[in-house]
Amino acid sequence: MPIPIHKNRRLILSLTLLGAFGGSTVLPYQLSIMSGGLSQTMDQTGLPFGVIIALMVFQVTVMTLIASWVGLSLAAKVGLDLPIWRSWLNEGRFIGFSKKWLVISFLGSFVGTLLVLVLEIYLFQPFLPAIPAAPSVSLWKGALTLFYGGIVEEVLVRLCLMTLLVWVFSRFLRNRTHIPTYLYGLAIIVAALLFGLGHLPATQTLFGELTPALIVRALISNGLLGIFFGYLYWKKGLEYAILSHMVGDFFLHVVWPSIFS
């Protein structure tokens, strides 16, 4: 049953504010890895540094606003939601997290990020073209990425894109009151793959080319955990996907670099 828009206003506003926070906190990391690109942008546009930074945060904020509005407008129609966050904002009642599913969420991120690291070292690196020395990024800057990844990317990819895909797929069903499991699975996989494809421009910029190995690497490295996050969103709600994504980014950008660097 569709949820009236006024019952989504607080959710949309809160997610948008969190998106602005995530877009702001990721800036130290972004600036560390794109200093040359930022200088080029300043030269091309003639805009001062502060204006470009403000525009970057504004862009993330607007994207989060639109994505949360679209996602929440469709989520209830396809049986997806943020049950804990909704209950707390609209009813002032905190229903609590499942300890079992929190363990599953955190363990899945641990195993998934470790698998991504192993694949990167032992499968992909022998086939990757040489690149200039990667910029050194402090661990504290890496830690700040978890807010952007966990909040902004989950709102964009799971709440908006995955929800939209389920809704679109369900339009082809005769009985739209019951959405079969395979459609959720299909939407989870397609959303994860599209997220991986979205990293191809950055991959090409980094390596100077796109080879089959680089394309497969982008899809697996960025899509593997996305499938797990989509499963959490489907089964328990977006809150679990957000927390799991944040834990995953912490492992990828802080724990594993501190151990294997």
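At what angle do helix α1 and helix α8 pack, and how far apart are their axes? Helix α1 (residues 9-25) packs against helix α8 (residues 145-170) at an angle of about 130°, and their axes are 7 Å apart. The model shown in these views is predicted, with local features requiring pLDDT of at least 70 and side-chain atom pairs counting only at pLDDT 80 or more, whereas totals for chains, interfaces and linings use all residues. Residues are numbered from 1 along each chain as its sequence is written, and side-chain values use heavy atoms, with hydrogens and water left out.

**View 1. Packing of α1 on α8.** Helices (H or I, at least four residues) and strands (E, at least two) are DSSP runs, numbered from the N terminus. Axes are lines fitted to C-alpha atoms, for helices over the stretch in contact, and angles run from 0 to 180 degrees between N-to-C directions. At about 130°, α1 is oblique to α8 (under 35 degrees is roughly parallel, over 145 roughly antiparallel, 65 to 115 roughly perpendicular and the rest oblique). The crossing of α1 past α8 is left-handed (the near helix is turned anticlockwise from the far one by less than a right angle; clockwise would be right-handed). On the α1 side, contact (heavy atoms within 4.5 Å) is made by Leu15, Leu18, Gly19, Phe21, Gly22, Gly23 and Thr25. Their partners in α8 are Phe147, Tyr148, Ile151, Val152, Val155 and Leu159.

**View 2. Packing of α1 on α5.** The axes of α1 and α5 come within 10 Å and cross at roughly 115°, which makes α1 roughly perpendicular to α5. Here α1 passes α5 in a right-handed crossing. Arg10, Leu11, Ser14 and Leu18 of α1 meet Trp85, Arg86, Leu89 and Asn90 of α5.

**View 3. Packing of α9 on α11.** Helix α9 (residues 181-197) and helix α11 (residues 212-235) have axes 7 Å apart and an angle of about 145° between them. The crossing of α9 past α11 is right-handed. Residues of α9 at the contact include Tyr184, Ile188 and Leu193, and those of α11 include Asn222, Gly230 and Trp234.

**View 4. Aromatic pairs.** The structure holds 12 aromatic pairs (rings of Phe, Tyr and Trp, the last by its six-membered ring, with centres within 6.5 Å; planes under 30 degrees apart are stacked, over 60 edge-to-face and the rest tilted). Phe97 and Tyr240 form an edge-to-face pair, 5.3 Å centre to centre with 75° between the planes. Phe97 lies in the loop between α5 (83-91) and α6 (99-124), and Tyr240 lies in helix α12 (residues 238-260), 143 residues apart. Phe97 is partly exposed at 30% relative accessible area, whereas Tyr240 is buried at 3% (buried means under 20%, exposed over 50%, partly exposed in between; 1.4 Å probe, protein chains only). Ring pairs also link Trp101, Tyr184, Tyr231 and Trp234 into a cluster. The charged end of Lys235 sits over the ring of Trp234, 4.2 Å from its centre (NZ of Lys or CZ of Arg within 6 Å of the ring centre and within 35 degrees of the ring normal).

View 5. Arg158 belongs to helix α8 and is buried, with 2% relative accessibility. The C-alpha atoms of Arg158 and Gly230 are separated by 6.2 Å, although the residues are 72 apart along the chain. Trp167 is also found in helix α8 and is partly exposed at 25% relative accessibility. Not counting residues up to four places away in sequence, Trp167 touches Leu74, Lys77 and Val78.
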